[in-house]
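The structure is shown first, and the description follows.

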Amino acid sequence: MMSPSPDGHPPPILAPQCFEAIRDSVLLVDLGSGLVIDANAASEVLFGMTRDALVGSSHGALFRPGTSPALGDGAAGLPSAVAVDVVTIRGELVPVAASVVPLALADGREALQLVLRSAEARSRSERVLAEHRRVARELSAAGTAAEIAEATVAAALRIPGIDVAGVYLFAAGTDVLELVASGGADASFVEAHARYGDDAPN
């Protein structure tokens, strides 16, 4: 998190690389309109929303009513984090430690940088990152298309909420899709969906 400069002017906006690298949720909020200008990848994990959905939304709607850290005359430049609750896309309340820093945008607008630290979301982000690295290692070690397909299915089945996964590849020199790896489905389902040709209804 950046602090105001000694001359009292707001600090510059985070460089794009830093903005994305921060593991805590970071929202940029237009001070005049109260709308979210940008959000980093950790914000998508915390709120369960895509960046496109977050950008343009009212920041107040993302917090328990009346608790947005950007509310009030003394909010900007808080010397330490304050405890607030964010509201996820599922309506769940997640406690976070929020810090607020004033920013000056290139177009002259005043903005606030909200840094939201959630131990739960940060842990979830780290698990997702670890899983991505694990999949990358498995795919790097796989020597054949079949091994890559098996590693992809295994990785998919480790994602919460995915119970069935499969990988189709075109048979050499044809327009026929063949199921080369699958998991979670019974044998009859696999047999019924093992091949799809040009005339397949689905």
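In this predicted model, β6, β7 and β8 form an open sheet of 3 strands, in the order β6-β7-β8 and with antiparallel pairing. The edges are taken by β6 (165–170) and β8 (195–196); each has a single partner strand, so one side of each is left without a neighbour in the sheet. Strand β7 covers residues 177–183 and is joined to β8 by 2 bridges, the two strands running antiparallel. Leucine 177 has tyrosine 196 in β8 as its bridge partner.

How many aromatic pairs does a search of the whole structure find? The search gives 1 aromatic pair.

Burial is assigned from relative accessible area, with under 20% counted as buried and over 50% as exposed.

| Residue | Relative accessible area | Class |
|---|---|---|
| Tyrosine 168 | 30% | partly exposed |
| Tyrosine 196 | 17% | buried |
| Alanine 98 | 0% | buried |

Alanine 98 is located in strand β4. Its C-alpha atom is separated by 9.1 Å from that of serine 68, which is 30 residues apart from alanine 98 along the chain.

The nonpolar cores come next. The largest nonpolar core has 19 residues, and those touching the most other members are Leu27, Phe47, Leu62, Val86, Leu114 and Leu116. At least two residues of this core come from each of β1 (25–30), β2 (36–39), α2 (41–47), β3 (82–87), β4 (93–104) and β5 (110–117). Strand β4 supplies the largest share, 4 residues.

Which residues does leucine 62 touch, not counting residues up to four places away in sequence? Leucine 62 touches Leu27, Val36, Phe47, Met49, Leu54, Ser57, Val86 and Val87.

Note on methods. Residues are numbered from 1 along each chain as its sequence is written. This is a predicted model: local features need pLDDT of at least 70, side-chain atom pairs count only at pLDDT 80 or more; totals for chains, interfaces and linings use all residues. Side-chain values use heavy atoms; hydrogens and water are left out. A nonpolar core is a set of buried Ala, Val, Leu, Ile, Met, Phe, Trp, Tyr and Cys residues joined through side-chain atoms within 4.5 Å. Buried means under 20% relative accessible area, exposed over 50%, partly exposed in between (1.4 Å probe, protein chains only). Contact means heavy atoms within 4.5 Å. Two strands pair if DSSP finds at least two bridges between them. Rings of Phe, Tyr and Trp (its six-membered ring) pair if their centres lie within 6.5 Å; planes under 30 degrees apart count as stacked, over 60 as edge-to-face and the rest as tilted.
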